[in-house]
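Subject: Structure for you to look at

Hello,

Here is the structure I promised. Please open it and follow along with the notes below.

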Amino acid sequence: MNADAPRITDGARRPPTGSTTAIVTDREPVRFSPARDRAKRRASAVVLHALLIAGGVAMVFPFVWMLATSLKTLPQLLQDPLAFWPDPLTLDNYAEAWNAVPFAQAYLNSGYIAVLVVIGTLITSAMAGYAFARIRFRGSKVLFILFLATQMIPKQVTLIPFYLLMTQLGWVDSHLALIVPGMMANPFAVFLMRQFVLSLPKELEEAAILDGAGRWRTFWSVILPNLTSGLAALAIIVALDAWNAFLFPLVLLNTPDLFTVPLLLSAFQGQYGSINYGLVMAASAISTIPMLIVFVIGQRRILNSMAASGLGGR
């Protein structure tokens, strides 16, 4: 075969022998249409938003139903339990639920437990995160991996050993059993603070060391002020977790005056759930609304902080 002869590629038709007709390919040239691309992107966006709206409605509907049911009277609940809108609308369920059990005391208990746990967690996790991020010592990586691995252990597995430990310390039926362990060990909080410290430039610490600052002074004066956004997001997450804790308070607390809000709500449901579930919905709203407000206010800060720390998919 002549080396100078043109090659016939796939999809081309060989011309008849002796013909001078040019080779014509079967493939049509690809044409790009900006209008068609915009239409596809618009259709994809519409489908995506429709799915997100449907998912949002599915998640919000139980909460809306809870609020609507809490505003219904007992005769309406008995006559037409499937009716969505309250007719007539009443706030008596809230007043009756608040006075039926000591919700004020439970609010106080959950509030100060959450505040102390948040303060302690922020301090210990910031120090541990800084140590794992900046201080190199033998076995630091292995220790950090082992510490994170404890997060994979379900809390139910540690319930009996934890109860025995609290018994030996004399902290059963005491808020110390909820406050002190919550301050000391939070793998997620330590991991989050470590990520924030790693995102800070090392030049800040080098400048502080050149100015004569030690490790402790560098942490308190240089590192900690630059962790405010991460600490704020972590405070919201820890506060929600401490407020909603149920299993450990259920096992450790026996005195009604020491009950937290979720524990008191469970007792309230067992007492009134089969009689008037409008009261139960009102009590649920009373226990849920404070943390819902906190989350709505702080959700943007949480998302921004997660993105800044490298946990937001960037």
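Helix H8 (residues 187-198) is largely enclosed by the rest of the structure, because nine of its 12 residues are buried. Buried means under 20% relative accessible area, with a 1.4 Å probe and protein chains only. Among the buried residues are Pro 187, Leu 192, Arg 194 and Phe 196. Helices here are DSSP runs of H or I, at least four residues, numbered from the N terminus.

A word on the source: this is a predicted model, where local features need pLDDT of at least 70, side-chain atom pairs count only at pLDDT 80 or more, and totals for chains, interfaces and linings use all residues. Residues are numbered from 1 along each chain as its sequence is written, and side-chain values use heavy atoms, with hydrogens and water left out.

Next, Thr 218. It sits in helix H10 (residues 215-223). Thr 218 counts as buried because its relative accessibility is 2%. A polar atom of its side chain lies 2.6 Å from the backbone oxygen of Gly 214. Leaving aside residues up to four places away in sequence, Thr 218 touches Tyr 130, Glu 205, Ala 208, Ile 209, Ala 213 and Ile 223. Contact means heavy atoms within 4.5 Å.

Last, a helix pair. The axes of H4 (residues 103-134) and H13 (residues 261-272) come within 8 Å and cross at roughly 150 degrees. H4 and H13 are therefore roughly antiparallel (angles over 145 degrees). H4 supplies Phe 103, Ala 106, Tyr 107 and Ser 110 to the contact, and H13 supplies Val 261, Pro 262 and Leu 264.

Best wishes

Notes: Axes fitted to C-alpha atoms, helices over the stretch in contact; angles between N-to-C directions. Helix = DSSP H or I, 4+ residues; strand = E, 2+ residues; numbered from the N terminus. Parallel < 35°, antiparallel > 145°, perpendicular 65-115°, else oblique. Buried < 20%, exposed > 50% of the residue type's maximum accessible area, 1.4 Å probe, protein only. Polar contact = N/O pair within 3.5 Å; in protein donor to acceptor, adjacent residues only side chain to side chain. Expected span 1.5 Å × (residues − 1).
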